[in-house]
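Please read them with the model open.

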Amino acid sequence: PANTVLSQATLDLIRLQGFSALVTVNREDLGNAEEASELRRLAAASGISLQPPISYPTDTGTDFHSVAGQVANAVTAAGGSTSAVAVAVFGESEVADLLADCSGFPELSGITFFGSDATSQSPDIVTSAGPAFFAVQAGSFPSPSLSITPNQQAAANATASQIGAPRSEEHTSEL
């Protein structure tokens, strides 16, 4: 789905839970940067307070300690309240390493992190102890995963056959 749809779904989750401040962190690639930017635009229009965006290069490896520290500082700057501040993360499987490193910062305990459609499909987050325990400790890690309902599948297939198969954001970002 377009970043607008995914970002709106994430914003809906954030607003439903009553958060009034948002920290965003994203991998520096086209798809994830655009999704974070769109969420920030929608959140600002909804009156949600924003901290400066945090991003990391695609070649960060597995050490996210400094990024986790930036997230902790931004959460603190936003007031640090578990009922008011949320963090939205846009990345790929490396988000598992980020979450594991976030567990080393007590100021992130109980802060709800929101993922993207890519993180909702990442087995690394639920099969690795560090990120899984952090997500439980943090209160949760809701990640929207949008799909086509069964009663609309035939129409979706017909449209897809007319316009061709969609390209994934990962491939699009490499162009």
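1. T24 has 0% relative accessibility and therefore counts as buried (buried means under 20% relative accessible area, exposed over 50%, partly exposed in between, with a 1.4 Å probe and protein chains only). The model is predicted: local features need pLDDT of at least 70, side-chain atom pairs count only at pLDDT 80 or more, and totals for chains, interfaces and linings use all residues. Residues are numbered from 1 along each chain as its sequence is written, and side-chain values use heavy atoms, with hydrogens and water left out.

2. Beyond neighbours within four places in sequence, T24 is in contact with L39, R40, P53, I54 and A88 (contact: heavy atoms within 4.5 Å). The C-alpha atoms of T24 and A74 are separated by 9.2 Å, and the two residues lie 50 apart along the chain.

3. T24 belongs to strand β1 (strands are DSSP runs of E, at least two residues, numbered from the N terminus). Seven of the seven residues of β1, 21-27, are buried, so the strand is largely enclosed by the rest of the structure. L22, T24 and N26 point one way, and A21, V23, V25 and R27 the other.

4. Strand β1 runs parallel to β4 (residues 85-90), joined by six bridges (two strands pair if DSSP finds at least two bridges between them). Here L22 stands opposite A86.

5. Three bridges pair β1 with β3 (residues 54-56), also in the parallel sense. N26 has S55 as its bridge partner in β3.

Notes: Helices (H or I, at least four residues) and strands (E, at least two) are DSSP runs, numbered from the N terminus.
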